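Trainee: I would like to go through the terms used for this model and see what each one rests on.
Mentor: Ask, and we will set each value against its definition.

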2 protein chains.
Amino acid sequence: MLGLMQDRPLTLPHVFHRAEQLFGRKRMVTARPDGTEDVVTVARWAERVRRLATVLDTLGVSADGRVGTFCWNTSRHLELYLAAPCTGRVLHTLNIRLHHDQLVYVAEHAGDEVVFVDRSLLPLFWPHVDRLPGVAHVVVLDDGADVAVPDDPRIRSYEELLAAAEPYAGRFVVDDENTAAAMCYTSGTTGNPKGVVYSHRSTMLHSLVTLIADGPALAERDVVMPVVPMFHANAWGLPYGCLLAGTDLVFPGPDLSPGAIVDLVERHRVTVTGGVPTIWMNVLPLLGGHDLSSLRTIFCGGSAVPKALCEEYRVRLGVPLLHIWGMTETSPIGTMGVLGSHLDGASDDELAAARVRQGRPMPLVEMRIVDPETGEEMPWDDHATGEVQASGPWIAKEYYRGEGGGAQFTDDGRLRTGDVATVDPYGSFRLVDRTKDLIKSGGEWIGTVELENEIMAHPKVAEAAVIGVAHPRWVERPLACVVVEDGESLTLDELREFLADRVAKWWLPDALELVDEVPKTSVGKFSKKTLRERFAGYALPNA
Amino acid sequence: MLGLMQDRPLTLPHVFHRAEQLFGRKRMVTARPDGTEDVVTVARWAERVRRLATVLDTLGVSADGRVGTFCWNTSRHLELYLAAPCTGRVLHTLNIRLHHDQLVYVAEHAGDEVVFVDRSLLPLFWPHVDRLPGVAHVVVLDDGADVAVPDDPRIRSYEELLAAAEPYAGRFVVDDENTAAAMCYTSGTTGNPKGVVYSHRSTMLHSLVTLIADGPALAERDVVMPVVPMFHANAWGLPYGCLLAGTDLVFPGPDLSPGAIVDLVERHRVTVTGGVPTIWMNVLPLLGGHDLSSLRTIFCGGSAVPKALCEEYRVRLGVPLLHIWGMTETSPIGTMGVLGSHLDGASDDELAAARVRQGRPMPLVEMRIVDPETGEEMPWDDHATGEVQASGPWIAKEYYRGEGGGAQFTDDGRLRTGDVATVDPYGSFRLVDRTKDLIKSGGEWIGTVELENEIMAHPKVAEAAVIGVAHPRWVERPLACVVVEDGESLTLDELREFLADRVAKWWLPDALELVDEVPKTSVGKFSKKTLRERFAGYALPNA
């Protein structure tokens, strides 16, 4: 027996028309490279989306063609976020930090027919355009940057196209909610990037979840500033969620310096922002001099949040960094570190430890931990570790064009996340490592992320990454690569003494290397692959 | 091009398994008729649901058979809420307040194969069982009521069946999200009740929306007490939402007296509750003597909330009554009266008026107002009125077995709600009447709900209903049927004077009748049909 409910597909035109109809007076602010701000109401923005829809037709983009973007976080980028999927096309956000060979690979693999490029980013894109014969047009979004625009028939002006276009009239219609809406390539540290293809359905469901109280809780009264780039997994779903909720939006544009971020929060009374831990680490020294009292939440994701950083924000700002865990393949929100009521009455130490957990799965997401060697499902006792495997309607089932051959998916269709975690009896996940970064010492696992967190709690340590190096007896032993605070130094003995009552004895690093910085991937995560290459054949002092 | 996301259906087994896995330690309290309380953890409750699933097989209920319930709000009722749909059956909540002819009609029309009846309700159900040959079993949920249980082979004991059953092992699976999950009959004031059939998909999406910040915002820390009966449109979706969010739950059982409600709130530190305005009107005199500081929200729905009542709660409790608008056909949440940020800086009067609006449509719900005569869509200027038409994935597209012949649905598949409203430019709806209750006077509409709200603002008035009576010149004119506060009286002149600067002059009632009570329908709404019958042929004083 079937239900007798209306057959309304979960498609992005609903988000567009809802914002246009209910939230027309709300504002979107974009910081421009020249220090000025571009301000549009949602009503005006919506009218521009309607023009852009016509422009895509004018440019001859196929009915389901890929629309590449090579842009900062701006309200114009959000125009593309809607106009492409609402007209049946597929938004493809290109990561501006990719190596140019990867950029060319990705744009070609996706089949981008047109690429929209911020003028300030043209020097990163244009030199490679001849390697992309499928790209018929490069549409330049003039952000006022002092960058020459080549005289080439492929180059078009975004604003000129919009000015000349008729706004699309009537309602956008996408009938099948399983239609592709957007795609984003993973920045895997091995092999070529792999394409994740979001559907309208997955994006709508994920957007709904950005509104829930025990989640991002986006609400009409919020002023949201996504610092996380819009080319990273839809900026964690914030932009679509904001349109659905009717928030004001602040886009930081190209200047992601700590000063610029803090200024925007203060000036526009931002209530919600989000970005990788490095951003908030850099902002830390500026906390004192600004009125940031408008903030109710700072989302943090992309890598584990150091406990000391989280506590520093909590004590000085009254707002801890709230963990979002996920990855490109999970749209990205899988879990959030909202504290459960079972922690009522917990000690300060317990609370601090709880705040840096990755937290509970979102509604509709189901997760388990599995022993990476035996495939056995592990218990939720906060002790046993296993690889996190995830399922849910906004989690990938395969990569575009079958790349990777399904190795990252289980026989029952779950995503192997490559993260290793424990789970407590309340369903809160705590990441201890990546499967490929785990150190196997004397038959036991050492979780490097967990060990790094403890090292970063040392007052002299700014950043730390731990890698395994070969050991004749124990197979592998940990090497700590540490960035010390300005003017400080640190010895292995000091570090081991500090860690002595914080980790198991056999977790204590066998060696310490002071480094200028921890190398990062294009999305800002620690690149342990680079470290392992750098310290290949490392001679441990006691080996 | 299709998205490459996992094909995970939106089905209720997710709600069950999420609650079982993440929230096992949370509590469900049920008040019993004898004054004691039944307390179960979610873990224990989930184990009972697994047993109940087996019981449904044992009883021989068909694979998609209708499972009737005739129950108060209890944790056992919630066992049925999950066990029926998670095993592919269809939960059918019978309204215990239906006239017995309607009850028999509804149970037979739905095809109930078994009916689960609270022992305290057996006297209302059992006398009619012989008229229901399709009902093979009547399973009695012994709530300790002092009521004889007939010696009849059809009678089974809920607890004995559960004790004897093996818990269902493994995961529940419902593959097709469009499968029927539950059904509920409307209590229309004309004609036979009509069946609304909820699907798993509609119920899941609706449940998600009960979690959103600008909605019910159910969260793990909440203690939720649904006073709204579980036989009214799934108790507004609260029970499923609570399981998804992981709240504690308090079920009031049969005693819905003001004293019992207030005691439960105080004793269990209830944070969220919801029910029709009459409930909160009756609770009002008890507000002073109890510590109700745990409440963060009181949802109110089913009929318009009088402004005076809303303000009384806000001033005395710090929590206004928050409007939920909807109907059985809308699952039921269509809009909620959350205040928009455009009201920042509004006057007290403006805010009070805003608080009793029905509010903005929920995400995924799309609404319009349409002139009931011309079919023309009306503007959102808060002045023009029209019939509310709604669409969305949890809104009915037809009635069970095609009853009503589609008259309540538009050609483009929207639900005609029968409510008449204005909409302000911010998308907030304000109900002024039911289409069938509108009074047409001299070619202009008079909104009776709006007029009643103003009458109920009079300090001597407890309740008021307005109906149209025939007038030789104006076609119809308003008659106010008023219940005065104890010991008070009221004249037509007094009333007209009070209303003079509150409504248009031609809205002033032509007549006043003092009545002992406003007749109510089985779901607690004003029954104007009964009033119109009572005052048929009424002679207006000035006609």
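Trainee: How many residues of domain 1 of chain A are in contact with domain 2 of chain A?
Mentor: 6 residues of domain 1 of chain A touch 4 residues of domain 2 of chain A, contact being heavy atoms within 4.5 Å. This is a predicted model, in which local features need pLDDT of at least 70 and side-chain atom pairs count only at pLDDT 80 or more, while totals for chains, interfaces and linings use all residues. Residues are numbered from 1 along each chain as its sequence is written, and side-chain values use heavy atoms, without hydrogens and water.

Trainee: What makes these domains 1 and 2 of chain A?
Mentor: An automatic or database domain assignment sets the bounds: 8-24 + 37-199 + 227-242 for domain 1 of chain A, and 437-534 for domain 2 of chain A. Their centres, over C-alpha atoms, are 40 Å apart.

Trainee: What area do domain 1 and domain 2 of chain A bury between them?
Mentor: About 480 Å², 58% of it on carbon and sulfur atoms; buried area is the accessible area (1.4 Å probe) that two parts lose on being put together, summed over both.

Note on methods: Chains are lettered from A and ligands numbered from 1 in the order in which they are written.
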